[in-house]
Amino acid sequence: MKKKTYDYARYGYIFSIPFAIAWLFFQFYPIIYTFIIGFTDLKGAGNTELHFLSNPFGNFIWVFKNATFRGAFVNTLVIWSLNFIPQILLALLITAWFTDRRSTIKAQGVYKVLFYLPNIITQATVAMLFACLFQYPRGVVNDLLVKMGIFSKSIEMLRYKNVARGIVIFIQTWMWYGYTSIILISGVLGISPELFEAAEVDGANAWQTFFKITLPSIKTILLFTLVTSLIGGLNMFDIPKIFQNGMPDNATMTTSLFIYNQAFAGSYQYAKASATSMVMFVVIVSLSAILFYLLRDKDEIELRRQIRLQEKEYKKRNKGL
Amino acid sequence: MANNSNLQLTVEGKDRPTVGRIIQKIIIYVVCTFLGILSILPFWIMFVNATRSTPEINSSFIAMIPSTHLFDNIKILNAKNFKPLIGFFNSLLIASCATGLAVYFSSLTAYAQVVYEWKFKNVFFSFIMAVMMLPAQVTMVGFLQMCYNLHLTDKLLMLILPAIASPSMVFFMRQYLQPSLPIEIVHSARIDGAREFYIFNKIVLPIMKPAIATQAIFSFVGSWNNLFTPMVLLSSPKKYTMPMMVSLLRGDIFKTEYGSIYAGLTLTILPLIIVYLVLSRYIVAGVALGSVKG
């Protein structure tokens, strides 16, 4: 079977080279570099000479013992979960409303466009805008609350830890529920209509249909949303940074902001920031692994398994002959 | 879609709308309209206050009707070294170059995944999926040190070039290309003597236009809104990007110039608002598309 072939495989490599080089250079190398710096005493802008610590894990021990970091980690998780729960509930409610087959909601397109709007606007601007709205002694919210008689005089609300944290949580929810709704709605629209028809024939009501058919069918998408949102939440930076810069009393301090403050906000503690980065890196990689597991192409894996089985079968039969 | 609406009609015809259902519908519209207003309200207040003079704002912070002092407020900004045009052009330059590189090389990488059979193909794709979610934040110290070593700090180039490796976009492009590229087209082009690069540039890229458009919008907006990397990397005010300009509005010089702070904020997002008004339908459709394979 001699055939004059032209080796196309090499184009597979050639076309992948730019991506590979750029990734190695701009992402892989910085990861390794950050990792190494984590074991040194590097600090100060413009320094590039590395001196390894006598106790190689000194910086890592420092990270785990650091009260501000631990506070920031807890904060990040608290802010994320308190934004994710209302966000996913609201998104599910909107999804149930917009995909209900018994009553059509008009102007869905307009609503989606409105719900998604905050997501596309620069987070830095949004954070600054909210800081302005809550300004003291005079600001929009203060003026409004005084006029309505709720406050007798204006209050410096952002000095209260829970108010500041609450506003960050509100901004996050407000920014992301529209995105989540659109994702979930498109997931529900992808469910085979026959399933719903069968449910209707069986006399299921709207609630039963939603909990017994819709929810189980979008399980993967829900998990996807959960994991991506968590990874995004662990990197939360723009809003706490611009809103109150982690204040008051570190109530809005997140891990990303902590790293930034260590390394780039005057103290130039590169080694400590690197160690912190690597701790977060491990957390995020573990979460990515979950996502990776969720997104793997199930059909293809099944196909490959079948092929392998058949090959085994074939070999067995050949041996038998 | 057509099937769906037909079904809904028959279902609605079967059971007449009850009082309960009408009330439910009213609740839905009220809640959705409330949420819609909530999306716009902060931006509307921002815009209105941007057009009001400081005395006007001082008399009452809450107003729903724009005034006439927008340009006065912008003048105050300019006098205080807030140069939105510089931020605008820097952000525009970074975002468009990064987007161009990202969509081209992501399509190319995805094409290599879909069309060619090579030994490490699956390994490479698994790898791309594995690094998809790695954030810039956790590698920033190493990235900055690398830039120091190469004397490339404070260069816009270092915000543009990394876009060549955009794993999540490769993932999306591959998902799009896999079912929608008829391999026969590639074969017949080869028979006609076309080279592989030519086939990709002249035949495959046009087929990918819808996916490229969607991804380009999100890549552009993401790059435009990025705050962390530029803030770490750029030091000279001439290179500031739009989101970085926002932090300039903080600080004492604007303490009492309420109108101009709001004007500054408005200017930082005006381009995005315009883009969104024009492309909102495609953007929302693009968000939905991104999840189909989720």
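Modeller: One term before the charged pairs: a salt bridge here is a side-chain nitrogen of Lys or Arg within 4 Å of a carboxyl oxygen of Asp or Glu. Also, this is a predicted model.

Colleague: Fine. How many salt bridges does the search find over all chains?

Modeller: The search of the whole structure gives 4.

Colleague: What does A:K161 pair with?

Modeller: A:K161 forms a salt bridge with A:D249, and their closest N and O atoms are 3.6 Å apart. That pair links distant parts of the chain, 88 residues apart. A:K161 is in helix α7 (residues 161–189) of chain A, while A:D249 is in the loop between α11 (238–243) and α12 (255–264).

Colleague: And is A:D249 buried or exposed?

Modeller: A:D249 counts as exposed because its relative accessibility is 57%, over the 50% cut-off. A:K161, at 37%, counts as partly exposed.

Colleague: Which residue does A:E156 meet?

Modeller: The side chain of A:E156 meets that of A:R159 in a salt bridge, at 3.9 Å from N to O. A:E156 is partly exposed at 33%, and A:R159 is exposed at 60%.

Colleague: What about B:K121?

Modeller: B:K121 has a salt bridge with B:E117, with 3.3 Å between the closest N and O atoms. B:K121 is buried, with a relative accessible area of 12%, whereas B:E117 is exposed at 61%.

Colleague: How many salt bridges are there between chain B and chain A?

Modeller: The count there is 0. For polar contacts, the rule finds 15 residue pairs across the interface, both residues being at pLDDT 80 or more.

Colleague: What is the area buried between the two chains?

Modeller: About 9,900 Å² is buried between chain B and chain A, and carbon and sulfur atoms give 73% of it. On the chain B side, the residues that lose the most area to chain A are B:M133, B:V138 and B:V141, together 7% of what that side buries.

Colleague: How many residues are in contact on each side?

Modeller: There are 107 residues of chain B in contact with 107 residues of chain A.

Colleague: Which element gives the largest share of the chain B side?

Modeller: Helix α2 (residues 19–50) of chain B does, with 17 residues. By class, the side of chain B that touches chain A has 73 nonpolar, 24 polar and 10 charged residues.

Colleague: Switching to rings. How many aromatic pairs are there over all chains?

Modeller: The whole structure has 51 aromatic pairs. One of them is B:F88 with B:W224, where the ring centres are 5.8 Å apart.

Colleague: Why is that pair edge-to-face?

Modeller: The planes of B:F88 and B:W224 are at 70 degrees, and planes over 60 degrees apart count as edge-to-face. The two residues are 136 apart in the chain: B:F88 belongs to helix α5 (residues 84–115) of chain B and B:W224 to helix α12 (residues 209–225) of chain B. B:F88 is partly exposed at 23%, but B:W224 is buried at 2%.

Colleague: And B:W118 with B:F124?

Modeller: That aromatic pair is tilted, with 5.9 Å centre to centre and 50 degrees between the planes. B:W118 counts as buried at 7% relative accessibility, and B:F124 counts as buried at 15%.

Colleague: Which residues form the aromatic cluster?

Modeller: One cluster is made of A:Y11, A:F15, B:Y104, B:F105, B:Y111, B:Y116, B:F197 and B:F200.

Colleague: Now loops. Where is B:S166, and what is it in contact with?

Modeller: B:S166 sits in the loop between α8 (157–160) and α9 (167–180) of chain B. Apart from neighbours within four places in sequence, B:S166 is in contact with A:F19, B:A102 and B:S106. B:S166 counts as buried because 15% relative accessibility is under the 20% cut-off.

Colleague: Last one, A:I218. Buried or exposed?

Modeller: A:I218 is buried, with a relative accessible area of 1%. The residue lies in the loop between α9 (206–217) and α10 (219–234) of chain A.

Colleague: What is A:I218 in contact with?

Modeller: Leaving out neighbours within four places in sequence, A:I218 is in contact with A:L92, A:L184, A:G187, A:V188 and A:I191. A:G187 is 31 residues from A:I218 along the chain, and their C-alpha atoms are separated by 6.2 Å.

Note on methods: Residues numbered from 1 in each chain as written. Chains lettered and ligands numbered in written order. Heavy atoms only, no water. Contact = heavy atoms within 4.5 Å. Buried area = accessible area lost by both parts, 1.4 Å probe. Polar contact = N/O pair within 3.5 Å; in protein donor to acceptor, adjacent residues only side chain to side chain. Helix = DSSP H or I, 4+ residues; strand = E, 2+ residues; numbered from the N terminus. Nonpolar A, V, L, I, M, F, W, Y, C, P; charged D, E, K, R; others polar. Buried < 20%, exposed > 50% of the residue type's maximum accessible area, 1.4 Å probe, protein only. Phe/Tyr/Trp six-rings, centres within 6.5 Å; stacked < 30°, edge-to-face > 60°.
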